[in-house]
Amino acid sequence: MTRMHARVVEGRRGERRLYLRKYLQQGRRVASFAPSSRHLAAATCRGVDPGRPQWLLELGAGTGSITRAAAARMHPDSRLIAVERDPDFAALAAQAAPRAEVVVADVADLEALLHERGISRLDGVLSGLPTPSLPPALRERVFAVLAERGGPWVSQITVMPWVYYGLYRRFFRTVAFEPVWRNLPPGGVYHCRGPRCAAATVVTPG
């Protein structure tokens, strides 16, 4: 094993230890007890188009597994904003994907964050949020913002395959689930398209 390989392995072990510690401390506020695998990250980034510039938003970046995959795949002129409320996770995400703008913020402030950057329309959203565990009012507000400014697709990861299909069907006209067994724990991605009008009627934060 080379020194560089050894550093990479130790870095990944450190990420896993940090995830487990945060999960034990915060429970369902952290989506999983381990970072997303490269297989889950690749599945989440299906809508990232290397052939054209895109405005991309990531919610719940964690330590940057999906951030790194998206930044590596996207067009040179694309812009990726990754939102993560935990400063320790955000610091690792920024190291993992220097091309991304990693913002330490809460999704409750999502509309203000986009407004500050002059973003009226997104081309795609990558989400690692533990969406089903969010307070219902906050979940409604987040989906309202995505309905208003979101682009053609939202890719939402899960570690509970198919369980929340009905939840996402409430907010999107089309939902396809892609299982990813090579992840710890096994999970998958909900690929969502066509925000329903009902979501856009929810009052969003000022």
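## Two backbone details

W162 sits in the loop between β5 and α7 (165-171). This residue is not a glycine, yet W162 has a positive phi of about 70°. The setting is a predicted model.

P185 lies between β6 and β7. The peptide bond joining L184 and P185 is cis, with omega at about -5°.

## Confidence

The protein chain has an average pLDDT of 83. Of its residues, 78% score at least 70. Among the elements, strand β3 (residues 101-104) has the highest mean pLDDT, 98. Helix α8 (residues 197-200) has the lowest, 47.

Two stretches call for caution. Over residues 1-11 the pLDDT stays under 50. The model gives residues 1-11 three contacts beyond four places in sequence. Residues 198-206 also have pLDDT below 50. That stretch, however, has 17 contacts in the model beyond near neighbours in sequence. Where pLDDT is low, predicted coordinates should not be read in detail.

## The sheet

Seven strands form an open sheet with mixed pairing. Their order is β3-β2-β1-β4-β5-β7-β6. At the edges are β3 and β6 (172-180), each pairing on one side only. On average, neighbouring strands are turned by 20° against each other, direction ignored.

Which way do β5 and β7 run relative to each other, parallel or antiparallel? Strand β5 (residues 153-158) and strand β7 (residues 187-195) are antiparallel, and six bridges join them.

Helix α4 (residues 87-96) lies across β2 and β3. The angle between α4 and β3 is about 175°.

## The cavity

How many cavities of 30 Å³ or more does a search of the whole structure find? The search finds one. The largest cavity has a volume of about 70 Å³.

Which residues line the largest cavity? They are L59, S127, L129, T131, L134, V142, F143, L146, V154, Q156, Y168 and F172. The largest share, three residues, comes from α6.

By class, nine of the lining residues are nonpolar and three are polar. None is charged.

Key:
Residues are numbered from 1 along each chain as its sequence is written. This is a predicted model: local features need pLDDT of at least 70, side-chain atom pairs count only at pLDDT 80 or more; totals for chains, interfaces and linings use all residues. Side-chain values use heavy atoms; hydrogens and water are left out. pLDDT is the predictor's confidence in each residue, from 0 to 100. Helices (H or I, at least four residues) and strands (E, at least two) are DSSP runs, numbered from the N terminus. Contact means heavy atoms within 4.5 Å. Two strands pair if DSSP finds at least two bridges between them. Axes are lines fitted to C-alpha atoms, for helices over the stretch in contact, and angles run from 0 to 180 degrees between N-to-C directions. On a 1 Å grid over the protein atoms alone, a cavity is a set of points where a 1.4 Å probe fits but cannot get out, and a pocket is an open set with protein on both sides within 12 Å along at least five of seven lines; lining residues have an atom within 4 Å of a point. Grid points are joined across faces, edges and corners, and a volume is the space filled by probe spheres set on the points. Ala, Val, Leu, Ile, Met, Phe, Trp, Tyr, Cys and Pro count as nonpolar, Asp, Glu, Lys and Arg as charged, and the others, Gly among them, as polar.
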